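Please go through the model below with the sequence alongside.

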Number of protein chains: 2
Amino acid sequence: MTAPTRRPGRRPGPTSSREDILAAARVLFGERGYDKASIRAIAREAGVDPALVHHFFGAKEELFAAAMEFPVDPGVFLPQVLSGPRSELGERLTRTFLRIWSDSRLRPQFIGILRSAATTEQGAALLREFITGTILARVAEALGTPRLNVTAAAAQMVGVVMLRYVLEVEPLASATEDELVALLAPTLQRYLGD
Amino acid sequence: MTAPTRRPGRRPGPTSSREDILAAARVLFGERGYDKASIRAIAREAGVDPALVHHFFGAKEELFAAAMEFPVDPGVFLPQVLSGPRSELGERLTRTFLRIWSDSRLRPQFIGILRSAATTEQGAALLREFITGTILARVAEALGTPRLNVTAAAAQMVGVVMLRYVLEVEPLASATEDELVALLAPTLQRYLGD
C-alpha cells in the first residue's frame, strides 16, 4: 500500500483517515449524488490517496453503505431476493424485508437513517441516492421492470416501516409476518412481477 | 358564553386561551391517546372552562386536527372519498390524496407533521393517534374493512409521500397524477374494495 497523502495539519493514523473518508463521502454523495461522487473526488476531499479508500472500503457501493451506516449490505441480500421464481418474488421481498427489520439490533440504525432523511437535507440526499443508485438501479435492471414500479414497491415498504416501527400504529405494529405477507406480497408482485 | 376559569398568574385574553388549549391538547393527546384524552381533561390542563374549548374548536376531532396543525379536515374530505361507487374507491382515494399533497400551500405543514412524527415522541404519538383515532376508525367503520387492510393502504400512501415529496426519489417525484393512479389505485382497491 502506498502511503496516503494528507492535508497539512491533520493528525495521521488509520482511525482518523477512515473517519475523514466517511465524512468526505457523506458530503460528496449528498452534494453530487451517488453516480457523480467519484472515489477520486472523495479521496481528495478527505486528503488521502484513492488507494486508501479502496483499501478500507472496497468498491464505491460499500463506501456508500458505510457512509450511510446502512446496517446490511444490499449487494448481499438483493441478489438472494431477486433470484428464485419470479412468481414468488413479492413474497420473498416481503419476508426478507420484514426479517431484516425484525432484527432489534439493526432496527435502531435503520430508524436513525429514516429520521435523518426526514429532518436534514444531507440525510435526505443520502437516502435518496442510496435508494436510487443502489436499490432501484439494481432491482430495475435485474427484473427489467420500469423504475416507477420499483419506486411504488419501495414506497409500500417505507410506509410499512413508518407505520409499524416508527409510529407503531395498530394493528399493523402487532401483525404477524404471515398476515403481512398475505396483505403485502400481492402488491409487490403486481408492481414487480412479470 | 360563560367566562372561563383560569389558572392564577396567566395572562388573560382569547389568544392566550386558544394557545393554552392547543398546548394542553398536544400534551394529553400524546400522553393518553385520542380516545382517552377528554375535552374536560384538556380544558382542566389548559386552565379554562370546557365550554371555551367547544367555542373555539367545536368537536374533539377538530381540536385534534388543530392541535396537530393538520391542514385539511378529514371530517370533510373523507366522507367525500368514501361515498360514491365502491369499485372506484381506490382511484378516488389516490386522486384525492395526490391533490391534497400537490397543494404547495399545504405541503410544508404536512411535511412538518411527518418530520415531527419521525423525530419526537410527542409528534409520533400525535400522528399515531390521528391515524388511528380519526382516519382508520372512520374508514374501517364506513367500509366494513379490517383495520389491518386500512393500515396497509395508509402505509402505501405514507410511503409515496416520503419518496415523492420528502426524499424526491425519481421517477416517483415527477410522475403525473394519472401515472400514479394507474399504479396505486389497484393497490388501494385491493386493500379496501369489496
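**The interface between the chains**

Chain A and chain B bury about 3,300 Å² between them, and 71% of that area is on carbon and sulfur atoms. Buried area is the accessible area, taken with a 1.4 Å probe, that two parts lose on being put together, summed over both. On the side of chain A, the residues that lose the most area to chain B are Leu148(A), Leu167(A) and Leu183(A), which together account for 19% of what that side buries. This is a predicted model, in which local features need pLDDT of at least 70 and side-chain atom pairs count only at pLDDT 80 or more, while totals for chains, interfaces and linings use all residues. Residues are numbered from 1 along each chain as its sequence is written, chains are lettered from A and ligands numbered from 1 in the order in which they are written, and side-chain values use heavy atoms, with hydrogens and water left out.

Counted by contact (heavy atoms within 4.5 Å), 41 residues of chain A meet 41 residues of chain B. Twelve residue pairs, both at pLDDT 80 or more, are in polar contact across the interface of chain A and chain B. A polar contact is a pair of N or O atoms within 3.5 Å; within protein, one must be able to donate a hydrogen and the other to accept it, and residues adjacent in sequence count only if both atoms are side-chain atoms. Which elements of chain A give two or more residues to the side that touches chain B? They are helix 7 (107–119), helix 8 (121–143), helix 9 (147–166) and helix 10 (177–192) of chain A. Helix 9 of chain A makes the largest contribution to that side, with 14 residues. By class, the residues of the side of chain A that touches chain B are 27 nonpolar, seven polar and seven charged. Here Ala, Val, Leu, Ile, Met, Phe, Trp, Tyr, Cys and Pro count as nonpolar, Asp, Glu, Lys and Arg as charged, and the others, Gly among them, as polar.

A salt bridge is a side-chain nitrogen of Lys or Arg within 4 Å of a carboxyl oxygen of Asp or Glu. Arg138(A) forms one with Glu61(A), with the closest N and O atoms 2.5 Å apart. This pair links distant parts of the chain, 77 residues apart: Arg138(A) is in helix 8 of chain A and Glu61(A) in helix 4 of chain A.

**Fold and backbone**

Chain A has ten helices and zero strands. Helices (H or I, at least four residues) and strands (E, at least two) are DSSP runs, numbered from the N terminus. The C-alpha atoms of chain A fill a box of roughly 60 × 35 × 25 Å, taken along the principal axes.

The loop between helix 9 and helix 10 of chain A holds Pro171(A) and also Glu168(A). A cis peptide bond, with omega about 5 degrees, joins Glu170(A) and Pro171(A). Phi of Glu168(A) is near 55 degrees, a positive value in a residue other than glycine. Most residues other than glycine have a negative phi, and most peptide bonds are trans. In chain B, a cis peptide bond joins Glu170(B) and Pro171(B), again with omega about 5 degrees.

**One side chain in chain B**

Thr132(B) is placed in helix 8 (residues 121–143) of chain B. A polar atom of its side chain lies 2.7 Å from the backbone oxygen of Arg128(B). Leaving aside neighbours within four places in sequence, Thr132(B) is in contact with Val169(A), Ala137(B) and Arg147(B).
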